[in-house]
Amino acid sequence: MDKTFKPAEIEKRWYAHWEESGYFAPGGSGDPYCIMIPPPNVTGSLHMGHGFQQTLMDALIRYHRMLGNDTLWQVGTDHAGIATQMVVERQLEAEGRDRHELGREAFIERVWQWKGESGGNITRQLRRLGTSPDWSRERFTMDEGLSRAVQEVFIRLYREGLIYRGQRLVNWDPSLHTAISDLEVIAEEEQGHLWHFRYPLSDGSGHLTVATTRPETMLGDAAIAVHPEDERYAQLVGKTVDLPLVGRQLPIVADDYVDRDFGTGCVKITPAHDFNDYALGQRHGLPLINILNADATLSDAVPEFYRGLDRFTARERVVADLEQLGLLEKVEDHTLKVPRGDRSGVVIEPWLTPQWYVDAKKLAAPAIEAVESGAIAFVPKQWENTYFSWMRDLQDWCISRQLWWGHRIPAWYDPEGNVYVGEDEASVRAEHGLSDNLPLHRDEDVLDTWFSSALWTFSTLGWPEDTPELARYHPTSVLVTGFDIIFFWVARMIMMTLHFRGEVPFHTVYVHGLVRDSEGQKMSKSKGNVLDPIDLIDGIDLEDLVAKRTAGMMQPRLAEKIEKATRQHYPEGISAYGTDALRFTFYSLASTGRDIKFDLGRIEGYRNFCNKLWNAARYVLMNAEGEDCGQDPEAPVSYHLVDRWIRSRLQETIGEVHRALDNYRFDLAAQVLYDFVWNEYCDWYLELSKVALRDPTGDDAARRGTRQTLVQVLESVLRLLHPFMPFITEESWQSVAPLVGVRGATIMRQPYPEVDPSSVDKAASAELEWLKIIVLGVRNIRGEMNVAPGKTVDALLRNGTENDKKRLLDNQTFLMQLARLGSIRFLADGESAPAAATALAGDLEIFVPLAGLIDREAELGRLTRELNRIEGELKRLRGKLDNPGFVAKAPAEVVEREREKLAAQEQAQARLEAQRQALEDM
RNA sequence: AGGACCAUAGCUCAGUUGGUUAGAGCGCUACCUUGACAUGGUAGAGGUCGCCAGUUCGAAUCUGGCUGGUCCUACCA
């Protein structure tokens with residue numbers, strides 16, 4: 001074994017072996033346990049959020065697999081309609097072509113081809129994380145089976161009246177030429193202007209002033225609205241104004257939507273280009289004047305002069321023309337929220353188009369009920385509120401997209417515009433008795449990607465077929481997801497699954513935080529602060545990292561800034577930490593918080609932890625291989641105190657890990673394991689074992705017991721750690737397991753450790769605590785007195801009980817080795833203590849004689865500091881116990897505990913005070 | 001505007017139903033290459049738990065208010 005842990009080689013070797021051996025497939029006779037992967041976007045590459053999420057799921061899966069559950073982790077990707085189409089369109093653009101030139105069929109062919117070449121990227125990366133999904137069942141939302149499920153769902157919802165086609169305002173992306181959902185629109189504050197225009201009253205009696213942030217929309221104005229109780233305008237309601245530049249007469253209407261205090265209190269109403277205006281228009285029967293084409297140029301509905309202009313050019317033109325006419329009253333700077341498409345980044349237009357909708361309100365009621373009743377539980381629970389607030393105010397879901405890549409809507413139109421929904425053209429004709437010469441054309445649109453993702457839990461298991469997998473693994477056990485897609489995906493899955501399966505998609509939704517950089521900033525390409533989990537595993541040098549982060553940057557200034565920041569943050573690049581260290585870091589950060597700040601310092605610490613574990617295994621193997629470790633059940637074995645102690649502590653650790661994992665507290669599990677391995681097993685037990693194994697007075701049974709304990713505890717620890725650090729545990733386990741008499745092809749399929757109550761040993765714990773206090777007391781003296789580590793000191797004990805005396809007898813060798821003592825003994829009756837440094841272990845006093853190596857003044861200082869601390873403690877305790885309310889009302893055992901503390905502190909004070917006197921008198 | 005969440009050591013975070021001397025890792029200081037490990041060991045410094053009230057015998061923990069920060073939803077043209 002190497003002196004340091006080298007992850008790269010063993011990771012590749014073990015992963016290939018696991019996958020080839022089929023260890024990831026379901027199996028086991030226990031209850032089914034199933035997780036559906038939130039399908040990553042097929043165009044994507046692995047980012048820290050994926051890494052984090054996959055790692056959490058893998059721990060759950062490996063844990064349950066080892067618990068004996070029949071474990072299915074369903075893996076796959078989604079087709080990401082817009083994103084994927086954009087990628088391929090950009091490729092075409094680079095070739096100087098576009099998709100229209102290619103035609104729909106050839107274009108889709110091209111997308112499939114691209115998917116075949118690059119779609120495996122993300123799954124390759126998932127493998128690097130050591131995840132253990134059942135790759136043989138990998139699915140893609142555009143697969144034949146899943147497409148069938150999508151079609152089936154669409155047709156059935158249509159027939160049930162839950163899908164309908166309607167013409168209304170949607171969020172239109174003028175660069176992608178498609179509708180997008182509310183959730184794909186990001187509205188952020190930007191600097192703009194508020195233009196004030198005068199609209200002359202038709203009767204010539206003056207004008208009204210309206211304010212707008214989007215002047216070009218005035219060409220589509222249909223009315224002016226004022227507040228019904230606004231006295232300034234009351235007499236104008238019912239009159240009309242002349243719309244400048246257009247000449248149309250607009251009615252003045254009263255509506256309490258208007259805010260009297262904003263601007264002039266008069267609002268121009270453009271029903272075809274604003275969601276609020278649309279609603280107002282409906283109330284007042286106003287016409288919809290659609291002034292935009294699909295690409296956001298002005299349509300034929302505007303005066304000829306403006307037709308075909310881009311919306312922003314038209315804006316300048318309209319402002320200039322109104323100014324010319326003297327109708328521009330003023331322009332103010334104004335901050336407003338501008339809606340932009342999260343993919344394209346362009347300003348989104350509310351636009352009037354025919355689209356398909358799901359009647360979400362009807363589907364929502366049972367979905368709300370499922371969470372209220374506890375059939376589905378969110379962890380942490382607070383996310384249920386987020387879910388409810390979204391569900392209670394649900395809008396109908398626009399599911400059509402004007403794209404080519406996706407599930408094409410199974411609807412056909414005849415020349416009259418009648419719609420027929422069905423599996424294919426032939427069945428539509430047959431069902432509706434349409435003659436063969438009636439021309440039908442299929443709807444051009446595809447469905448929102450989330451429509452197919454909403455079916456994910458059951459479509460991946462074979463629905464609408466009645467498969468055995470569906471019966472066995474559905475409902476699934478837990479969904480692991482980020483809070484950012486509770487609306488997007490979780491809610492829709494619940495609605496669809498309840499409707500089509502009559503059961504919930506999963507029992508638990510575990511909501512994790514979002515990974516951010518060390519300053520809490522969201523990681524994004526444009527900020528240049530993204531970390532690729534693979535780079536943390538393999539390492540990357542500075543130049544490559546800079547190149548990677550600035551690649552494809554449109555703005556050179558931004559690239560420069562990113563380069564500078566990167567060079568500052570990672571002057572040495574990033575070193576290779578390995579998968580296990582990365583994973584353990586993710587677990588340790590997975591607390592209940594919403595933000596996960598990823599700090600390189602943490603991963604370095606856990607890389608060191610891997611190395612610690614590695615070296616602990618090295619030590620154990622060096623001492624156990626080729627030796628008698630008690631594999632033979634006939635050989636007599638006796639356990640020394642230290643063995644009984646570590647075995648007992650192991651049981652507590654096992655219990656805590658179970659509790660933590662059952663509550664999705666990966667951070668606590670990681671903490672408990674780290675603490676046990678490093679601070680107990682390595683720091684104390686391994687050191688104690690050295691003493692035990694070298695003890696010339698020990699017998700074979702005892703040495704056998706210690707070796708057996710060394711290997712058994714390590715072997716258990718490896719199994720405990722395996723769900724978190726799969727590679728290092730597998731590699732070590734292969735060498736360690738035979739020493740405990742276990743042989744197995746893989747640790748993956750070994751049972752997870754369970755608490756063995758018979759190994760819990762309170763007495764051993766107490767005695768070892770005693771040993772530790774003495775060792776730490778002497779070490780503290782040595783440390784503070786600057787005694788050279790190589791030098792031994794002597795220790796004298798006084799005032800011990802019979803128990804202390806017995807313990808000394810039993811543990812003398814351990815004390816001497818661990819505290820580097822030359823001798824240790826009790827003072828004889830009547831023997832006076834020499835000038836010494838003092839430590840206390842309860843009643844027991846420990847003296848380390850000064851005898852030339854300890855500084856009297858330094859010891860006086862040390863005693864004084866300790867006495868001051870005790871003084872503070874006494875004050876606190878006396879204050880508490882002098883309070884009659886406390887003594888009367890607090891539970892008796894609490895009062896008793898405080899009294900004991902007080903007595904102990906008083907005694908410590910007396911002892912140390914006496915010692916100080918003694919030193920001062922010298 | 002409404003709602004949610006957060007505020008604990010220099011940094012990143014734990015702290016279970018109120019009772020601990022408030023913990024961990026990283027960082028910091030001193031000493032040490034001792035036979036598993038310098039990706040290490042030993043010892044140490046460092047916190048009036050954001051602020052103010054209240055409930056209680058007792059508050060980091062419960063309640064209210066304030067301040068600061070993050071996010072979500074809805075948006076005023």
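A residue is near a molecule or strand if one of its heavy atoms lies within 4 Å of it. The structure is a predicted model, in which local features need pLDDT of at least 70, side-chain atom pairs count only at pLDDT 80 or more, and totals for chains, interfaces and linings use all residues. Residues are numbered from 1 along each chain as its sequence is written, chains are lettered from A and ligands numbered from 1 in the order in which they are written, and side-chain values use heavy atoms, with hydrogens and water left out.

**The RNA surface**

Select RNA strand B and the 57 residues around it; N276, K337, S591, N780 and K889 come nearest. Of the atoms of RNA strand B within 4 Å of the protein, 62% belong to sugar and phosphate. Colour the surrounding surface by class to find 20 nonpolar, 13 polar and 24 charged residues. Here Ala, Val, Leu, Ile, Met, Phe, Trp, Tyr, Cys and Pro count as nonpolar, Asp, Glu, Lys and Arg as charged, and the others, Gly among them, as polar.

Next, display individual polar contacts (pairs of N or O atoms within 3.5 Å):

- K612: a polar side-chain atom lies 2.9 Å from a phosphate oxygen of RNA strand B.
- A211: a backbone N or O atom lies 3.2 Å from a sugar or linking oxygen.

**The cavities**

A cavity is a set of points, on a 1 Å grid over the protein atoms alone, where a 1.4 Å probe fits but cannot get out; lining residues have an atom within 4 Å of a point. A volume is the space filled by probe spheres set on the points, which are joined across faces, edges and corners. The whole structure contains two cavities of 30 Å³ or more.

For the largest, of about 40 Å³, select I82, D173, L176, I180, E184, G341, D342, R343 and S344. This lining comprises three nonpolar, two polar and four charged residues.

**A four-stranded sheet**

Finally, show the open sheet with the order β27-β26-β29-β28 and mixed pairing. Strands are DSSP runs (E, at least two residues), numbered from the N terminus, and two strands pair if DSSP finds at least two bridges between them. The edges are β27 (821-826) and β28 (836-841), each pairing on one side only. Strand β26 (residues 793-798) pairs with β27 in the parallel sense over five bridges; there, A795 stands opposite I824 in β27.

Notes:
A polar contact is a pair of N or O atoms within 3.5 Å; within protein, one must be able to donate a hydrogen and the other to accept it, and residues adjacent in sequence count only if both atoms are side-chain atoms. On a 1 Å grid over the protein atoms alone, a cavity is a set of points where a 1.4 Å probe fits but cannot get out, and a pocket is an open set with protein on both sides within 12 Å along at least five of seven lines; lining residues have an atom within 4 Å of a point.
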